[in-house]
Amino acid sequence: MLTKIRNNTMQSFTFSKLIKGLGLVAAITASQAFAAVDSAQLESTIKKSMARFNVPGMAVAVVENDKVVLAKGFGVRHLDSGEPVTADTLFGIASNTKAFTAAALAALVDQGKLSWDDKVIDHIPEFRLFDAYVTREITIRDLLSHRAGLGLGAGDLMIWPDTDKTMPDILDSLRHLKPVSSFRSQYAYNNLMFVTAGEVVARVTGMSWQDYVEKEMLAPLGMTQSRAGFSRIPKSNANWATGHIPMDGKLHPFFVNYLEDFRGAGAIASNVNEMTFWLRTQLKQGEMPNGDTLFSAKQQQQMWHPHITRLASDKAFDSYRQQFRGYGLGWSIEDYHGYKKVGHGGGILGMVSQVALVPEKNLGIVILSNQQAFSALSAITHEVLEDALNLDDKDWVEDLAKKHFAGKKKAYANAKPKRPSEIQAPLANSVYAGHYNDAWYGDIKVVEKGGKLHIDFTHSARLKGKLEHYNGNTFIVRWHEKLLEADAFIQFNVAENNQVTSAAMKAVSPNITDFSFDFHNLVIKPVAPATSK
């Protein structure tokens with residue numbers, strides 16, 4: 001826990017006496033003792049959280065009153081190499097990219113090149129969603145606020161985990177994703193709408209989203225090492241972190257390309273030194289450290305205004321008095337002990353990030369890590385806010401660790417599918433083998449090799465596996481890459497003539513499998529032999 005001074009009355013009395021009686025030097029020294037964030041204690045908390053959650057590497061930065069209180073790396077960026085994490089070590093910031101995409105559009109609004117309420121089809125004429133009304137009415141504002149009516153992570157298999165889908169492929173496939181709620185009625189986190197928002201940037205500027213972000217945002221911000229995609233990191237810069245996934249009691253290094261396929265939804269690589277420029281710009285309402293304007297205060301008001309609300313969490317109320325929460329444009333928004341808190345999280349297989357801002361306190365926090373225990377980051381953020389807001393002491397590291405590990409234990413205890421008491425035999429392998437297609441994902445192949453069935457998601461190099469019989473016409477897909485933790489049921493629907501008419505999938509363990517493995521959204525149909533490739 002961080003050190004705090006609790007007695008506000010005594011603080012006010014002490015400062016006034018110091019200023020009058022101790023002289024300027026003594027007053028300055030005393031004021032430093034009352035700094036909201038104690039960097040030495042914060043470092044102790046970071047190390048404690050890393051040890052408790054088994055995080056190999058982490059980088060943390062805090063800005064307060066336009067000053068950098070801390071920007072430092074801890075641990076190692078890869079378990080095997082042992083190379084240290086520094087404040088310049090690049091991590092994938094994942095969904096914290098969304099705020100950059102929103103800011104890019106905000107700058108274009110300031111320039112009069114578009115409006116938040118422009119229809120998407122006015123900028124991307126070929127854009128289509130499942131519902132014609134939504135296609136016609138959806139705006140840029142809707143793209144950025146998770147209110148399009150699509151389900152959680154719907155269509156993410158087009159971009160996760162690493163695919164060969166192009167932007168035209170994605171745009172062409174959106175029309176096949178069925179909504180789960182009426183337009184603008186419910187919040188449901190969706191990455192593909194932010195991918196689309198990035199394409200709006202490209203259509204308006206004539207530059208790719210990646211080029212625009214790097215040249216018109218990162219460069220003027222002074223973020224010269226940050227990039228809008230892993231492949232864009234210069235070969236000369238080897239100071240980047242590898243993710244780690246815990247499994248079977250040990251950590252496994254696991255490389256992914258920082259969600260490069262997510263584009264405007266999650267592709268940026270950055271470090272905490274450079275993220276402080278971003279935090280300071282946000283806290284100064286768009287004014288960059290060099291004094292230039294990235295976006296106006298008027299547009300920040302739009303980005304930090306809840307465009308759709310969510311039910312407040314009972315657990316969050318008990319923890320930090322949350323009474324409302326919502327989503328703006330690329331930012332999550334909530335109250336935190338009566339203060340407005342703006343922030344976002346980001347997740348990649350083996351790597352997570354977190355940004356939190358308290359504008360009233362002119363305070364910003366960014367944490368990047370190379371392990372996927374998000375609670376390790378939340379504990380540090382809560383500890384910083386505890387000091388900054390003069391809250392009661394609470395051991396956030398231990399509190400969240402107990403909940404985290406208890407939750408994991410429960411989830412993994414229920415991870416194995418329960419076998420039915422009577423198991424029906426499968427049909428011949430040849431019945432299930434074949435060429436299949438889903439309208440938005442594309443081709444999926446099931447082949448027989450050595451008497452076993454194997455599955456190939458042809459657009460995703462990591463989604464190759466074998467089919468293990470479960471019951472009747474249902475199998476479990478066991479992916480060759482176990483660290484995905486994404487095993488899935490596949491149920492073949494078979495007609496009286498022993499021909500497969502369709503197939504459906506869903507995660508075996510939805511409490512463990514990342515929601516971006518949206519197998520349940522697939523509608524798999526056999527492809528006629530004449531059109532097979």
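Helix axes are lines fitted to C-alpha atoms over the stretch in contact, and angles run from 0 to 180 degrees between N-to-C directions. Helices are DSSP runs (H or I, at least four residues), numbered from the N terminus. The model is predicted: local features need pLDDT of at least 70, side-chain atom pairs count only at pLDDT 80 or more, and totals for chains, interfaces and linings use all residues. Residues are numbered from 1 along each chain as its sequence is written, and side-chain values use heavy atoms, with hydrogens and water left out.

**View 1. Helix H3 packs on helix H15.** H3 spans residues 39-53 and H15 residues 396-413. Their axes lie 10 Å apart, at an angle of about 15 degrees. The two helices are therefore roughly parallel (angles under 35 degrees). H3 passes H15 in a right-handed crossing (the near helix is turned clockwise from the far one by less than a right angle). On the H3 side, Thr45, Lys48, Ser49, Arg52 and Phe53 make the contact (heavy atoms within 4.5 Å). H15 contributes Val397, Glu398, Leu400, Ala401, His404 and Phe405. By class, this contact has five nonpolar, three polar and three charged residues. Ala, Val, Leu, Ile, Met, Phe, Trp, Tyr, Cys and Pro count as nonpolar, Asp, Glu, Lys and Arg as charged, and the others, Gly among them, as polar.

**View 2. Helix H4 crosses helix H10.** The axes of H4 (residues 97-110) and H10 (residues 209-221) come within 11 Å and cross at roughly 75 degrees. That makes the pair roughly perpendicular (65 to 115 degrees). From H4, the contact takes in Thr97, Phe100, Thr101, Ala103, Ala104, Ala107 and Leu108. From H10 come Trp209, Tyr212, Met217 and Leu218. Nine of these residues are nonpolar, two are polar and none is charged.

**View 3. The largest cavity holds about 60 Å³ of space.** A cavity is a set of points on a 1 Å grid over the protein atoms alone where a 1.4 Å probe fits but cannot get out; lining residues have an atom within 4 Å of a point. Volume is the space filled by probe spheres set on the points. Three cavities reach 30 Å³ or more. Leu129, Phe130, Asp131, Val134, Ala148, Leu150, Leu174, Leu177 and Pro179 line the largest cavity. This lining has eight nonpolar residues, no polar ones and one charged.

**View 4. The second largest cavity holds about 50 Å³.** Its lining comprises Ile159, Trp160, Pro161, Asp162, Val256, Asn257, Leu259, Ile348 and Leu349. Seven of these lining residues are nonpolar, one is polar and one is charged.

Conventions: 1 Å grid on protein atoms, 1.4 Å probe; cavity = no way out; pocket = protein on both sides within 12 Å on 5 of 7 lines; lining within 4 Å. Parallel < 35°, antiparallel > 145°, perpendicular 65-115°, else oblique.
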